[in-house]
Amino acid sequence: MSQQSFSHWNADPLAQYPIGPSGLPLISCPDCGDRTVEGSSRKNGGKVFFKCINYESHVPGACGFFKWITEYRKVVAARRQQLIGGLVPSCSGANNHPIPSFNGVRHGNLVDGADLKLIVPNLGFEKKMDKLIDLVQFLVVISIGICIVVFFGVVVLLVK
């Protein structure tokens with residue numbers, strides 16, 4: 001079996017999910033599997049909440065997933081732990097490396113997500129980079145279009 005180093009754990013298993021305005025990933029609903037959305041409550045002074053898109057508070061049979069941000073952080077941590085659980089490598093032999101934990105067990109200098117940014121990439125930065133890449137691609141397409149128009153203009157002038 002091959003040994004994997006601790007640096008392998010720099011990838012966030014929740015990177016597949018979009019990021020909400022609060023910076024937390026909008027994971028799929030734990031109850032029904034559909035999308036989760038983020039909002040803020042006018043009645044509660046702008047307090048942030050997360051709910052399933054199928055959530056209806058007083059409709060029988062509708063999804064009941066609704067969490068305030070503090071509760072939602074725990075749901076996200078549980079989902080991360082669940083995903084990491086499926087990725088844990090076999091660590092045997094003299095080169096054992098600590099496996100990060102998100103359930104309060106101390107590994108290195110990680111305690112219950114307090115220093116989570118040491119192993120989880122800055123998701124806001126990645127989102128900004130994706131937008132920048134999209135913008136650069138758009139500008140390249142526009143530049144190519146302008147070059148084509150100029151080329152045909154020159155050809156028309158030379159033909160006359």
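Modeller: Happy to! A nonpolar core here is a set of buried Ala, Val, Leu, Ile, Met, Phe, Trp, Tyr and Cys residues joined through side-chain atoms within 4.5 Å. Please keep in mind that this is a predicted model. The largest such core has 14 residues, and those touching the most other members are Ile27, Phe50, Phe65 and Tyr72. Strand S2 and helix H1 each supply at least two residues of this core, with H1 giving the largest share, 4 residues.

Let's begin with Phe50, which sits in strand S2, residues 47-52. Its relative accessible area is 0%, and because buried means under 20%, Phe50 counts as buried. Leaving out residues up to four places away in sequence, Phe50 touches Ser22, Leu24, Leu26, Thr36, Val37, Glu38, Phe65, Phe66, Lys67, Ile69 and Tyr72. Between Phe50 and Cys29 there are 9.7 Å in space, C-alpha to C-alpha, and the two are 21 residues apart in sequence.

As a general background, nonpolar side chains in soluble globular proteins tend to be buried together.

Now for the helix itself. H1 has 17 residues and reaches 24 Å from its first C-alpha to its last, close to the 24 Å expected at 1.5 Å a residue. Its buried residues are Ile69, Tyr72, Val75, Val76, Arg79, Arg80 and Ile84. These buried residues pack against strand S1 (36-41), S2 and strand S3 (66-68).

Arg79 is buried yet has no salt bridge, and the nearest side chain of opposite charge, Asp31, is 8.3 Å away. A salt bridge would need a side-chain nitrogen of Lys or Arg within 4 Å of a carboxyl oxygen of Asp or Glu. Apart from neighbours within four places in sequence, Arg79 is in contact with Leu14, Tyr17, Ile27, Ser28, Cys29 and Pro30. Ile27 in that set is also one of the core residues that touch the most other members.

Finally, a word on another stretch of the chain. An unreviewed UniProt entry annotates residues 135-159 as "transmembrane region". In the model, residues 135-159 are 100% helix and 0% strand, with the end C-alpha atoms 36 Å apart.

Note on methods:
Residues numbered from 1 in each chain as written. Predicted model: local features only at pLDDT ≥ 70, side-chain atom pairs only at ≥ 80, totals over all residues. Heavy atoms only, no water. Buried < 20%, exposed > 50% of the residue type's maximum accessible area, 1.4 Å probe, protein only. Lys, Arg positive; Asp, Glu negative; His and termini not counted. Contact = heavy atoms within 4.5 Å. UniProt positions renumbered as here; feature names shortened; annotations may be inferred. Expected span 1.5 Å × (residues − 1).
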